[in-house]
Amino acid sequence: MDIVISAWPMMSKTAIHATTALMILAELPPGSFVGADEIARRVKAPRNYLGKILQKLAEEGLLESQKGKGGGFRLARPATDISLYDIVEPIDKISRWEGCLLGQERCTDSAPCPVHARWAAVREVYLSFLRETKLSELVKNQRALCCMGG
């Protein structure tokens with residue numbers, strides 16, 4: 001089954017490709033590896049581009065890689081232990097969203113910009129969503145969509 005996620009406005013295309021790739025890897029039988037070529041084909045992304053993403057996620061400890069025949073990539077830990085934040089943060093650096101939404105040099109709780117409090121609330125809800133949403137949930141929900149003809 002190919003997994004294609006078309007548009008999530010708060011994630012980069014690279015983060016979407018990474019998430020999709022990990023969803024594919026989450027469905028592998030235990031101990032199995034799959035090559036970057038196959039993942040790229042299923043994600044519908046260029047192989048070299050996706051290979052760099054997969055290597056980055058391996059460096060972050062989300063994936064294990066193995067060279068040679070029968071090699072490729074697999075999850076380094078269970079999908080229940082990988083959050084969307086774990087996947088998106090190394091790529092989009094969302095933890096840096098601490099600056100002023102309006103670009104003001106000085107924007108603090110004591111000297112706020114016009115949207116400071118509202119942006120802080122939105123940011124915290126979004127980051128909590130990413131931290132609380134597990135890869136296993138995405139895979140489960142994707143399976144449900146496929147079974148419903150989606």
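**The whole chain**

Start with a surface: the chain exposes about 8,800 Å², with carbon and sulfur atoms supplying 54% of it (areas from the Shrake-Rupley method with a 1.4 Å probe; for residues, only the protein chains shown count as cover). Keep in mind that this is a predicted model, where local features need pLDDT of at least 70 and side-chain atom pairs count only at pLDDT 80 or more, while totals for chains, interfaces and linings use all residues. Residues are numbered from 1 along each chain as its sequence is written, and side-chain values use heavy atoms, with hydrogens and water left out.

Now switch to cartoon. You'll find six helices and two strands, in the order α-α-α-β-β-α-α-α along the sequence. These are DSSP runs numbered from the N terminus: helices are H or I with at least four residues, strands E with at least two.

Colour by burial next: of the 150 residues, 39% count as buried (under 20% relative accessible area; exposed is over 50%, partly exposed in between, 1.4 Å probe, protein chains only).

**Zoom to Ser83**

Select Ser83, in the loop between strand S2 (72-75) and helix H4 (84-92). Why does Ser83 count as buried? Because its relative accessibility is 4%. Leaving aside neighbours within four places in sequence, Ser83 is in contact with Leu130, Arg131, Thr133 and Lys134 (contact: heavy atoms within 4.5 Å).

**On to Arg131**

The charged end of Arg131 sits over the Tyr85 ring, 4.5 Å from its centre (the test: NZ of Lys or CZ of Arg within 6 Å of the ring centre and within 35 degrees of the ring normal).
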